[in-house]
Amino acid sequence: MKSWKLTSQGSIELITTPSETPGFGQVKIKVEKTSISLPDLMIYMGKSKVDYPITLGRNCVGMIIETGPGVEDFKRGDKVYVCAKKYCGQCPACKSGHYFLCDDFKTFGYNTDGFMRDFAIIDASDCALLPERIDSNEAIFLDHISLATQVLTALKINKGEYVAISGCGLPGLILGEVALYLQAIPIMIDTDSKMLSLAKRLGIYYTINSTETNPEEKIFHITGGKMAKHSAVFTSGNISVEQALSFAGIGARIAVVERPGIVTKQKCGIDIIQNNCLSLFGVNGGTNIQISINMLVNRAIDLSTLSEMNVRIDEIPDIMKELAESTRKYHLQYIVDI
Ligand SMILES: [Zn+2]
């Protein structure tokens, strides 16, 4: 079995190990696709700390080629998606629905090996069955869609309500698309005109470039003075949490969003939280992958313009080096074909 392992900061090596068979409750997967995500890049550059060696690649579309004893839900030949995060489902946090506080919480490619490899042996419970008609190049976005649905569920968003989305990166764009699907009204705020143009092409009518327009004044105008009832801010984006607070109306709910492995330290104004009776909470991933699969089946969101390129697995060391050295900011999805 071949793995492209990060052995130290900025160094990926091809490691070959003998073939293995799945144990009790496990499946062996032929990995078809994974991706280079922003957290992968942060780990590669040493900006996010991990124990070496580790195989990067958070998510996986693959095919089951062997099942271990005790596996009844899957069979050889099933197409599956493996979510980026795994939790035990048994500890008190899991049982109360707080999966991200699990005693044994793991993220593939961060604190357990990810999917820049040809075969993987994983727990069957980490797999979700994919209908054959879902394109693998779309399925690789399932964790992003799941994060978006988690944010919008936590915000308790209703039809016709405004949601200010600060950070027009890949997860922000997908959040905007899912908000549209739920018939809410996204207002996208960023400093990157290229990404804001892409948001427009995806049908997001209200976009604000905060380097050209005062976003507070614009949102005041759009919402008839009420400001946004909901606000989501990506902490690795171009808009600070402090500024995002000012886009929200009285009593608004604010989701502070990021994926595990991306850590930012920011200050934010307690005065505005108190004066405007805001509710702040953190979201760092989605747990209901089935809703996201249904969205793909129903063609609810357009993913056709959200891939930067497909790369071959043997190109990974060069591509990661290039991305790390590039002054160009990481933008869209890099899909890895294995
Ligand atoms: Zn748990």
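Student: How far apart do the C-alpha centres of domain 1 and domain 2 lie?

Tutor: This is a predicted model, in which local features need pLDDT of at least 70, side-chain atom pairs count only at pLDDT 80 or more, and totals for chains, interfaces and linings use all residues. Residues are numbered from 1 along each chain as its sequence is written. Domain 1 covers 2–141 + 306–337 and domain 2 covers 145–283, with bounds from an automatic or database domain assignment. The separation of their C-alpha centres is 28 Å.

Student: Which helix gives the most to the side of domain 1 that touches domain 2?

Tutor: In domain 1, 13 residues are in contact with 11 residues of domain 2, contact meaning C-beta atoms, placed from the backbone, within 7 Å. Helices (H or I, at least four residues) and strands (E, at least two) are DSSP runs, numbered from the N terminus. With 4 residues, the main contributor on the domain 1 side is helix 1 (residues 38–44).

Student: Which residue in strand 15 is the bridge partner of Ala-232?

Tutor: Strand 14 (residues 228–234) and strand 15 (residues 248–257) run parallel and are joined by 6 bridges. The partner of Ala-232 in strand 15 is Ala-255.

Methods: Two strands pair if DSSP finds at least two bridges between them. Two residues are in contact if their C-beta atoms, placed from the backbone, lie within 7 Å.
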